[in-house]
Amino acid sequence: MDVGLGCLDPSSKLIQSERKVLIMKKSIIALAALFAAAGAQASTISYNFSNPVSTTEITQTGTLGLFDSTLGTLTGASLELQGAARFAFTGTNSAAQAQTANITSSTDLFWSSSIAALSAIVSGTDVFLSLSSGPQSYASGETKSFGPSNKNASVVDDLASILASMEAAGGGNFTLTCNSLSGLAVQGGGGNIDTTQDTAAGCGARIVYTYDEQKVPEPASLALLGLALAGAGVSRRRKA
């Protein structure tokens, strides 16, 4: 049976209009979700310093940056304490008979900070460096030399528990100070191994901040969202 245009269900146009509005709303929700995801992005920023190796004992200080809270929300921070040392030493057998001995030269770097909360963490973190000769046989009166040899070591501290102390609006600086304690240990030799030691050390550090960066949507994206909202408004008015 033929059906004329005048016999069409008048509600069909309304249904089609409502479908268009529904599709438009879904598009707007998708765009809003996209903008929210783009608005907060995980980023990192880091600061570091490195001091030269100098004859021990040393007291060295370096400066690092605080996190600038205007950049976004600070979510994590880690501090790497770095140490370097150069070792050279000798051993001489002063006994009338041969001796066997192991000589170890070492340097321990310990830390403090201008931030009290950070000082409490780093004060329990030492960077230890050493060089050993291994067991060596010495004839009577013989001298053996070891080094110079360079060593590097580092330790990482998680600063999640003191994030509030590591940020400030506009950033800023704080200091770390390292001090050294060096020594020489002789195992074996019956107390007949005379030694000399030449040790140098230096310290450095690197801090890494992780944060959620708040980004302002680009003008083109804002314009697209505005058109979607305007389109939804027009559809509602036509429906009315």
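**Strands, a disulfide and a few side chains**

β6 and β11 pair in the antiparallel sense, with 13 bridges between them. This is a predicted model, where local features need pLDDT of at least 70 and side-chain atom pairs count only at pLDDT 80 or more, while totals for chains, interfaces and linings use all residues. Residues are numbered from 1 along each chain as its sequence is written, and side-chain values use heavy atoms, leaving out hydrogens and water.

Q: Which residue in β7 is the bridge partner of aspartate 108?
A: β6 also pairs with strand β7 (residues 127-132), antiparallel and over six bridges. In β7, aspartate 108 is partnered by phenylalanine 128.

Q: Which residue in β8 is the bridge partner of glutamine 99?
A: Strand β8 (residues 136-138) runs antiparallel to β6, and three bridges join the two. Glutamine 99 has as its partner in β8 tyrosine 138.

Q: How many of the 15 residues of β6 are buried?
A: Buried means under 20% relative accessible area, exposed means over 50%, and partly exposed is in between (1.4 Å probe, protein chains only). β6 is largely enclosed by the rest of the structure, because the number of its residues that count as buried is 11.

Q: What is the relative accessible area of threonine 100?
A: Threonine 100 is found in strand β6 (residues 99-113). Contact means heavy atoms within 4.5 Å, and leaving out residues up to four places away in sequence, threonine 100 touches Pro135, Gln136, Ser137, Gln187, Gly188 and Gly189. It still counts as partly exposed, because its relative accessible area is 45%.

Q: How many residues apart in sequence are the parts that the pair of cysteine 178 and cysteine 203 ties together?
A: The structure holds one disulfide, meaning a pair of cysteine sulfur atoms within 2.5 Å. Here the sulfur atoms of cysteine 178 and cysteine 203 are 2.0 Å apart. Cysteine 178 lies in strand β11 (residues 173-188) and cysteine 203 in strand β12 (residues 193-214), so the parts tied together are apart in sequence by 25 residues.

Q: Is cysteine 178 buried or exposed?
A: Cysteine 178 has a relative accessibility of 0%, so it counts as buried.

Q: Which side chain makes a polar contact with the side chain of aspartate 157?
A: Aspartate 157 sits in strand β9 (residues 143-158). It is buried yet has no salt bridge, which would take a side-chain nitrogen of Lys or Arg within 4 Å of a carboxyl oxygen of Asp or Glu. The nearest side chain of opposite charge, arginine 206, is 14 Å away. A polar contact is a pair of N or O atoms within 3.5 Å (within protein, one must be able to donate a hydrogen and the other to accept it, and residues adjacent in sequence count only if both atoms are side-chain atoms), and at 3.0 Å the partner of aspartate 157 is threonine 125.

Q: Which side chain does a polar contact of 2.5 Å join to that of threonine 90?
A: Threonine 90 is found in strand β5 (residues 72-93) and counts as buried, at 18% relative accessibility. The side chain joined to that of threonine 90 by this contact belongs to threonine 196.

Notes: Helices (H or I, at least four residues) and strands (E, at least two) are DSSP runs, numbered from the N terminus. Lys and Arg count as positive and Asp and Glu as negative; His and the chain ends are not counted. Two strands pair if DSSP finds at least two bridges between them.
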